[in-house]
Amino acid sequence: MITLRQLRFLTALADELNFSRAAEVCFVTQPTLSAGLKELEQTLGVQLAERSKRHVILTPIGEEIAERARHLLLDAREIEDLAALHKAPEEGDLRLGAIPTLGPFLIPRALPAIRAAYPRLRLYLREEMTESLLDGLATGRLDVVLIAQPFDIGAVEAEPLFDDGYHLASPPGWDKPAKTPLSGAELEGARLMLLEHGHCLQRHALRAFPDRDIQQDDSFSATSLPTLISMVSEGLGITLLPDLAIDAGVLAGQKVNIAPLADACPRHVILAWRPTSARKPVFRALAQIFRDTRDNLRQQRAT
């Protein structure tokens, strides 16, 4: 009979392709991991991995079994979560992922309310790109993720949080007046400095005015919003900034003018989790906390 422990050894080896690192991930010694995998091969009657002194590769059947093992391990973890939730629904570890253009501006301000509501909840935060977050959700590496649409989120359950519009950020002396509302028509033919490919905000910004000829300035791309804002401050170009980041103070100390873009198509911020998760009540409560936090940020900037 195969065991979950053996399957965990196999998925770790599939991820690491190295016995030493796989053993570290599983918190066992290398001989223990090797013996467990050998027992699994003997039980199944197939070779799962090809070993040499220099490298390890999984056989085709090993890769297929490893992929199925991930689903079994995820189901087993959710059984444990279901039992734990029944005993103590507001306790334990919760792994929250967020895209970099949302997490730093929303989560720190929501943490006091989360801790007040769930004092025995241990929150672990990860910032990653959307594709990586959804993969982490599917494999069980993450429990819930904070992302933005439009984006194909696949077979997950999601709760809408808020729409996040844009302001145009420009350097002092640019030919459009600061703080004056602008329309997409006034940006016709503009070239925007944006985040590098892979950031969903890069795609969202280009879709803010789908009927206008607005393109990315290919001579520059940034890895973070603060870097992008600094380049605008130096007079190197213009960009679109999400309202959430502005309300959270991302422009503090920067010499940048901003103008609202009332007719821009916003991005839709959501909280997403696996449909089979046992912690849906907690996630829905977190969604309300995030909505309240966004409202508070908006009110603070207005006063």
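## Overall architecture

The chain has 10 helices and 12 strands; helices (H or I, at least four residues) and strands (E, at least two) are DSSP runs, numbered from the N terminus. This is a predicted model, in which local features need pLDDT of at least 70 and side-chain atom pairs count only at pLDDT 80 or more, while totals for chains, interfaces and linings use all residues. Residues are numbered from 1 along each chain as its sequence is written, and side-chain values use heavy atoms, with hydrogens and water left out.

Along its principal axes, the C-alpha trace spans about 75 × 45 × 35 Å. Of the 303 residues of the chain, 47% count as buried, where buried means under 20% relative accessible area, exposed over 50% and partly exposed in between (1.4 Å probe, protein chains only). Among contacts (heavy atoms within 4.5 Å) between residues at least 6 apart in sequence, 76% join residues at least 24 apart.

The axes of helix H1 (residues 4–16) and helix H2 (residues 19–26) come within 8 Å and cross at roughly 130°. Axes are lines fitted to C-alpha atoms, for helices over the stretch in contact, and angles run from 0 to 180 degrees between N-to-C directions. H1 is therefore oblique to H2; angles under 35 degrees count as roughly parallel, over 145 as roughly antiparallel, 65 to 115 as roughly perpendicular and the rest as oblique.

On the H1 side, the contact is made by Arg 8, Phe 9, Ala 12, Leu 13 and Glu 16. H2 contributes Phe 19, Arg 21, Ala 22, Val 25 and Cys 26.

## The aromatic pair

A search of the whole structure finds one aromatic pair. The ring centres of Trp 273 and Phe 283 lie 5.4 Å apart with the planes at 40°, so the pair is tilted. Rings of Phe, Tyr and Trp (its six-membered ring) pair if their centres lie within 6.5 Å; planes under 30 degrees apart count as stacked, over 60 as edge-to-face and the rest as tilted.

Trp 273 belongs to strand S12 (residues 267–273) and Phe 283 to helix H10 (residues 280–302), 10 residues apart. Trp 273 is buried at 0% relative accessibility, and Phe 283 is buried with a relative accessible area of 0%.

## A buried loop residue

Val 250 lies in the loop between helix H9 (243–247) and strand S11 (257–260). Its relative accessible area is 15%, so Val 250 is buried. Val 250 touches Phe 105, Ile 229 and Ala 245, not counting residues up to four places away in sequence.
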